[in-house]
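Keep the sequence and the 3D view side by side.

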Amino acid sequence: MTDLAIIGGTGLTTLKALEVTRREVVHTPFGEPSCPLTYGQLCGKEVVFLPRHGPGHTIPPHKINYRANLWALHRTGVTRVLAVAAVGGISAHLGVSELAIPDQIIDYTWGRAHTFFEEDLRQVVHVDFTYPYSAELRDLLLKAAAAAELKVADRVTYGATQGPRLETAAEIDRLERDGCHVVGMTGMPEAALARELELSYAAITVIVNRAAGRSEGLIEMASLEQNLKIGMEKVRRLLEHLIPLA
Ligand code: HPA
């Protein structure tokens with residue numbers, strides 16, 4: 001049985017190095033996950049993989065069924081979830097194509113099904129979310145990054161926005177004043193739902209663009225995709241070094 005799940009984001013709809021052993025269609029009380037779960041061997045370790053935007057990258061961030069995704073992974077018996085996500089860089093010290101391992105989140109999303117604890121409760125539940133990411137998993141990621149000689153930014157606050165549009169320059173100014181270093185659209189409610197299911201959860205973020213108003217001109221999709229490609233190669237390298245430690 002596997003204890004590690006990987007949720008792929010933009011640019012990681014398949015894990016090339018994954019030797020697929022089987023796929024499983026899962027129905028959950030919360031609806032359908034983004035696609036069937038893929039089981040396989042990654043560098044000799046069994047993992048389960050789920051691309052959150054669907055196999056063809058067709059599900060936008062606000063339409064992802066985060067509850068079904070986390071429920072389906074939890075049902076497999078995994079205890080740890082590693083999420084990969086593309087983000088915009090807000091802080092000047094974070095370069096494009098670089099990786100960042102967030103340790104905090106601010107949630108600006110709205111209208112998403114964001115909790116398992118709302119119906120048929122015996123009593124109201126408030127999970128602790130002081131530290132939204134697993135310290136142990138973050139530590140493993142940082143050790144793997146050192147082993148892979150990859151530069152990663154630590155102690156990063158992730159601002160989760162609603163999307164699918166990118167932000168205005170003023171919105172990014174506000175996020176920066178709030179203390180956000182990177183901005184993305186999928187970090188929440190994913191992290192909180194993982195906590196509600198008592199799954200250890202951490203994220204590898206890839207900075208694919210300077211956030212709105214943080215560079216000359218507009219955000220160009222062509223350069224974003226180029227940065228994504230470079231960044232995802234680093235993610236693959238990081239995962240290769242993580243697996244032997246995990
Ligand atoms: N904003 C929000 N989400 C993102 C961005 C951004 O600039 N880049 C990649 N995901």
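Helices (H or I, at least four residues) and strands (E, at least two) are DSSP runs, numbered from the N terminus. This is a predicted model, where local features need pLDDT of at least 70, side-chain atom pairs count only at pLDDT 80 or more, and totals for chains, interfaces and linings use all residues. Residues are numbered from 1 along each chain as its sequence is written, and side-chain values use heavy atoms, leaving out hydrogens and water.

The C-alpha trace spans about 50 × 40 × 30 Å along its principal axes.

Now turn to the ligand. Its shell takes in Ala86, Val87, Gly88, Leu166, Glu167, Val183, Gly184, Met185, Val208 and Asn209; such a residue has a heavy atom within 4 Å of the ligand. Strand 5 (80-89), strand 8 (182-184) and strand 9 (200-210) each give at least two shell residues. Strand 5 has the largest share, three residues.

Polar atoms come next, with contacts defined as pairs of N or O atoms within 3.5 Å. In the side chain of Glu167, an N or O atom lies 2.7 Å from a ligand nitrogen. A backbone N or O atom of Gly88 is 3.3 Å from a ligand nitrogen. For Ala86, a polar backbone atom is 3.5 Å from a ligand nitrogen. The protein covers 92% of the 260 Å² of accessible area that the ligand has on its own (Shrake-Rupley method, 1.4 Å probe).

Terms used
A polar contact is a pair of N or O atoms within 3.5 Å; within protein, one must be able to donate a hydrogen and the other to accept it, and residues adjacent in sequence count only if both atoms are side-chain atoms.
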